[in-house]
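Open the model in your viewer and keep the selection tool at hand. Each stop below says what to select and what is there.

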Amino acid sequence: MTVTHDDALTARLDPTVLYRIMRLRVDVFVVEQACAYPELDGRDLEPDTRQFWTADASGDVLATLRLLHDGEDRRIGRVATALPARGHGYAGVLMQRAVDAAEGRLTRLDAQARLEGWYARFGFVRSGDDFLDDEIVHVPMTRPAG
């Protein structure tokens, strides 16, 4: 399967690509994980928000994440992979690209607890106690600056 990895500021995205990114996030976080929450939280509209995605030859988004600016720090979130695309390393490629785009700044994320080891592969370490978010156990993690 031919795939492409891309990224752009949200404001510069083709509306069809943005729709496909949002659709994947809703499919994974709202439908698959059965969490009714406001997926569209307004942070995608911030001027520095950058979307990362992998798409197949037909343009279907297979994996996505976003990189936010939190003052001087960065935050990675909304890491999602379509069910049939899991296990192919797409999210890993996007994570590495987002870490590189964070330009050595302190980077935070809230990981589902079952994925703590996966995020550790990219230099993230636990930075607090477990917490529940929509009935799913999460752990705060940071990747130190530098």
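Predicted model: local features only at pLDDT ≥ 70, side-chain atom pairs only at ≥ 80, totals over all residues.

Residues are numbered from 1 along each chain as its sequence is written, and side-chain values use heavy atoms, with hydrogens and water left out.

**Stop 1: helix 1**

Select residues 15-32, which form helix 1. Helices (H or I, at least four residues) and strands (E, at least two) are DSSP runs, numbered from the N terminus. Helix 1 has 18 residues and spans 24 Å from its first C-alpha to its last, close to the 26 Å expected at 1.5 Å a residue. The expected span is 1.5 Å times one less than the number of residues.

Now centre the view on valine 26, where helix 1 has a kink of about 30 degrees. The bend at a residue is the angle between axes fitted to the seven residues ending there and the seven starting there.

Go to the start of helix 1, where a side-chain oxygen of aspartate 14 comes to within 2.7 Å of the backbone nitrogen of threonine 16. Such a polar contact is a pair of N or O atoms within 3.5 Å; within protein, one must be able to donate a hydrogen and the other to accept it, and residues adjacent in sequence count only if both atoms are side-chain atoms. Just after helix 1, alanine 34 has a positive phi of about 50 degrees.

**Stop 2: the buried side of helix 1**

Select Ile21, Met22, Leu24, Arg25, Val28 and Phe29, which are buried. Buried means under 20% relative accessible area, exposed over 50%, and partly exposed in between (1.4 Å probe, protein chains only). Their cover includes strand 2 (50-56), strand 3 (61-70) and strand 4 (73-81).

Is arginine 25 buried or exposed? Arginine 25 counts as buried because its relative accessibility is 0%. Beyond residues up to four places away in sequence, arginine 25 touches several residues, among them Glu39, Asp44 and Arg78; contact means heavy atoms within 4.5 Å.

Leucine 18, also in helix 1, is partly exposed, with a relative accessible area of 22%. Show glutamine 51 as well: leucine 18 and glutamine 51 are 33 residues apart in sequence, and their C-alpha atoms are 8.6 Å apart.

**Stop 3: the largest pocket**

Select Phe29, Arg78, Val79, Gln112 and Tyr119, which lie nearest the centre of the largest pocket among its 38 lining residues. Strand 4 gives the most to this lining, with 7 residues. The space in the pocket is about 910 Å³.

On a 1 Å grid over the protein atoms alone, a pocket is an open set of points where a 1.4 Å probe fits, with protein on both sides within 12 Å along at least five of seven lines; lining residues have an atom within 4 Å of a point. Grid points are joined across faces, edges and corners, and the volume is the space filled by probe spheres set on the points.

**Stop 4: helix 2**

In helix 2, select Tyr90, Leu94, Met95 and Val99, which are among its buried residues. After helix 2 comes glutamate 103, with a positive phi near 55 degrees.

**Stop 5: strand 8 and beyond**

Select threonine 142 in strand 8 (residues 136-143). Threonine 142 is buried, at 11% relative accessible area. Then select alanine 145, in the segment after strand 8. Alanine 145 is exposed, at 54% relative accessibility.
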